[in-house]
Structures are given as C-alpha cells and as structure tokens.
Amino acid sequence: MDPTLPLSIDGIRSLIHTVRGRRVILDTDLAALYEVPTHRFNEAVKRNARRFPEDFRFQLSQAESSVLRSSPAVSEAPEKQNLKSISSQMAMRSASKRSPIYLPWAFTEHGALMAANVLRSQRAADVSVHVIRAFIHLRDALAVHHELAARLSELERKSSGHDTAISELCEAIRLLLANPEPPHDRKIGFDGP
C-alpha cells in the first residue's frame with residue numbers, strides 16, 4: 001500500500017451515507033477516490049454486472065438523490081479536502097454535471113471493494129483498503145453509540161425507581177414536620193409510695 005496517499009478515514013467517512021438502512025458511498029465519490037471518470041467507472045461496473053448483486057449496489061431514486069445532493073457531506077467541499085485536490089474537484093464536477101436522467105449508484109462496503117477489483121488499477125487497490133477501513137471505523141463507532149444508548153436507558157430506568165423512593169421519603173419527612181407529636185407531660189422514672 002502506498003503510504004503517500006493523502007487519504008484519511010475521516011475524509012472517506014464523510015462520503016459514506018445511510019440510504020435504505022445501508023451505509024453506502026456514491027459512484028461519483030468512488031470514481032474520484034479511484035481517480036477515474038465517473039462514466040468510465042460505471043462502464044466497468046456495468047460490464048461486470050453479475051459481480052454486483054442488489055446488496056452490493058443499487059440505483060438511487062430521484063428523491064433519494066435530491067436529499068443526498070442537499071446534504072452537507074455531498075455539497076460542502078471542505079469535507080473533501082483530505083482527498084487529493086484533483087479527486088475532490090473531479091467529484092464535485094461530475095456530481096454537478098450529471099444529467100438528472102442518470103441517477104447515482106450507491107455502493108455498499110462489499111460493492112466498493114468489488115469495484116476496486118473490477119478496475120484492476122494499483123490506485124484502486126490501494127484506496128480500497130482505506131475505503132474498507134472507513135466503513136469498519138464507522139461500524140465500530142455506531143456500535144459504541146448503540147452500547148452507550150443502552151446503558152443510558154438502563155440508568156434512566158434505575159433512576160426513575162430511585163426518584164419514586166426519594167419522593168416517598170421526602171413526603172414522609174414533610175408529614176413528620178407538619179404534625180409534630182405533642183410533648184409528653186409524664187414524668188419518666190420511678191414514682192414511689
């Protein structure tokens with residue numbers, strides 16, 4: 001793997017979206033990462049269509065495409081600064097020049113890896129390692145968030161029981177303060193004959 005690749009996991013993670021409950025990266029972004037024009041990238045994938053079942057890639061609907069184009073990860077160039085400037089410019093250019101007739105393709109983690117294998121270039125092989133690491137890093141981060149959410153729910157459940165007990169205790173103290181027992185006038189001790 002080429003250590004001079006100016007790619008970061010965070011830079012690639014910013015290109016990963018969740019669509020239809022799956023984490024995907026768009027064809028324009030993969031093409032930019034692999035340094036090939038988007039139409040050539042899609043031609044190579046189309047020639048090898050049997051390698052890309054529905055769980056590896058799918059075409060976005062017009063509505064999904066519109067939502068992704070308006071999302072910050074796609075429209076803001078600073079998040080792509082971790083990529084080579086040429087790759088970044090190519091991604092922006094191809095995303096903006098794409099005809100509305102041609103809807104983007106979304107590639108899952110496995111689809112992105114298969115696309116690198118189809119392209120058969122050294123750049124694609126090197127970059128695919130970074131792409132897969134970004135997917136794994138994102139999966140790990142989401143697992144930690146789910147674990148923290150479960151722990152928070154358990155704490156809330158436990159504390160709600162404590163709140164009830166504390167409320168009952170405070171109420172008992174208020175009752176004691178509101179109705180003090182009358183003082184006893186009896187003498188304590190032995191009264192003799």
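## Terms and model

A residue counts as buried under 20% relative accessible area, exposed over 50%, and partly exposed in between (1.4 Å probe, protein chains only). This is a predicted model, in which local features need pLDDT of at least 70, side-chain atom pairs count only at pLDDT 80 or more, and totals for chains, interfaces and linings use all residues. Residues are numbered from 1 along each chain as its sequence is written, and side-chain values use heavy atoms, with hydrogens and water left out.

## The sheet

Let's start with the strands. Four of them form an open sheet in the order β1-β2-β4-β3, paired antiparallel; strands (E, at least two residues) and helices (H or I, at least four) are DSSP runs numbered from the N terminus, and two strands pair if DSSP finds at least two bridges between them. β1 (16–19) and β3 (57–59) are the edge strands, each with a single partner, so one side of each has no neighbour in the sheet.

β1 is joined to β2 (residues 22–26) by four bridges. In β2, Arg22 is the bridge partner of Val19.

## Salt bridges

There are five salt bridges in the structure, each a side-chain nitrogen of Lys or Arg within 4 Å of a carboxyl oxygen of Asp or Glu. One of them pairs Arg20 with Glu64, with the closest N and O atoms 2.9 Å apart. Arg20 sits in the loop between β1 and β2 and Glu64 in helix α4 (residues 62–70), so this pair ties together parts 44 residues apart in sequence.

Another links Glu43 and Arg40 at 2.8 Å between the closest N and O atoms. Both lie in helix α3 (residues 38–47), three residues apart, about one turn of the helix. Glu43 is partly exposed, at 34% relative accessible area, and Arg40 is partly exposed at 46%.
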